[in-house]
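Here is my note on the model you sent.

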Amino acid sequence: MKCPYCGFNDTRVIDSRLGKEGNNIRRRRECVQCERRFTTYERVEEVLPLVIKKDGRREPFDRAKIIAGIQRACEKRPVSIDTIEKFVDLLELELQESGEKEFPSARIGEMVMNALHRIDEVAYVRFASVYRQFKDINEFMSELKDLLAHGGRIPD
């Protein structure tokens, strides 16, 4: 494995153990050249469905893209990365267990919004404002009013 600090291509594993949920392996490594230590995670590569974008393009499900979008929505909010990763783990599992080979991005976006609503309402509104592409402040205010009128629940 390549060292993230000096770029040398030889590292050695110092310690390996199961991750918290038992679905990955955490490895402590040390660079043979600069002797700095770092952690890597190894996980089974699952076959996930393709995502059908709004314009009809199909692309592979990208866990990092989902996490990045949620992290942006949760910026400066009391939401831990563990909470975000656990949600994305559950999302991946749900997509895999569905047996479907393709998923519309809109459906995945709704799943993310529903989870964010349960996790943090401010993050939900931030994500919704980008995801739903509000045309103007009136659409944004309408979403907020619906949220408040339903006692913080997403209307059906």
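1. Helix α4. This is a predicted model, and I start with the helix that spans residues 121-131. What covers the buried residues of α4? The cover includes α1 (63-73), α3 (105-119) and α5 (137-149). The buried residues themselves are Ala 123, Tyr 124, Val 125, Phe 127, Ala 128 and Tyr 131.

2. The two ends of α4. At the start of the helix, look at Asp 120. One of its side-chain oxygens comes to within 3.1 Å of the backbone nitrogen of Val 122. Just after the helix comes Gln 133, with a positive phi of about 50 degrees.

3. The largest pocket. Its space is about 690 Å³. There are 22 lining residues, and the closest to the centre are Lys 53, Lys 65, Arg 72, Phe 127 and Tyr 131. Two or more lining residues come from each of β5 (58-60), α1, α3 and α4. Helix α1 gives the most, with six residues.

4. The elements that give two or more residues are β2 (24-31), β3 (37-43) and α2 (81-98). Helix α2 gives the most, with four. By kind, this lining splits into two nonpolar, three polar and nine charged residues.

5. Cysteines. How many disulfides does the structure hold? The count is zero. Cys 3 is in no disulfide, and the nearest cysteine sulfur, in Cys 34, is 3.8 Å away. The cut-off used for a disulfide is 2.5 Å between the sulfurs. Cys 3 counts as buried, at 3% relative accessibility. Cys 6 counts as partly exposed, at 35%.

6. Positive phi in loops. Two residues other than glycine deserve a look here. Glu 35 has phi near 65 degrees and is found in the loop between β2 and β3. Its relative accessible area is 56%, so Glu 35 is exposed. Lys 76 has phi near 60 degrees and is found in the loop between α1 and α2. Its relative accessible area is 80%, so Lys 76 is exposed as well.

7. Arg 27. This residue is found in strand β2. Is Arg 27 buried or exposed? It is buried, with a relative accessible area of 17%; the cut-off for buried is under 20%. What does its side chain pair with? There is a polar contact of 2.7 Å with the side chain of Ser 16. A polar contact of 3.1 Å joins it to the side chain of Glu 42. Leaving out residues up to four places away in sequence, Arg 27 touches Val 13, Asp 15, Ser 16, Phe 38, Thr 39, Thr 40 and Glu 42.

8. Thr 11. This residue is found in strand β1 (residues 11-18). Thr 11 is buried, with a relative accessible area of 11%. Which backbone oxygen lies 3.3 Å from a polar atom of its side chain? The oxygen belongs to Met 1. Neighbours within four places in sequence aside, Thr 11 is in contact with Met 1, Cys 3, Arg 29, Glu 30, Cys 31, Val 32 and Phe 38. Two cysteines from point 6, Cys 3 and Cys 31, are among these contacts.

Conventions
Residues are numbered from 1 along each chain as its sequence is written. This is a predicted model: local features need pLDDT of at least 70, side-chain atom pairs count only at pLDDT 80 or more; totals for chains, interfaces and linings use all residues. Side-chain values use heavy atoms; hydrogens and water are left out. Buried means under 20% relative accessible area, exposed over 50%, partly exposed in between (1.4 Å probe, protein chains only). Contact means heavy atoms within 4.5 Å. A polar contact is a pair of N or O atoms within 3.5 Å; within protein, one must be able to donate a hydrogen and the other to accept it, and residues adjacent in sequence count only if both atoms are side-chain atoms. On a 1 Å grid over the protein atoms alone, a cavity is a set of points where a 1.4 Å probe fits but cannot get out, and a pocket is an open set with protein on both sides within 12 Å along at least five of seven lines; lining residues have an atom within 4 Å of a point. Grid points are joined across faces, edges and corners, and a volume is the space filled by probe spheres set on the points. Ala, Val, Leu, Ile, Met, Phe, Trp, Tyr, Cys and Pro count as nonpolar, Asp, Glu, Lys and Arg as charged, and the others, Gly among them, as polar.
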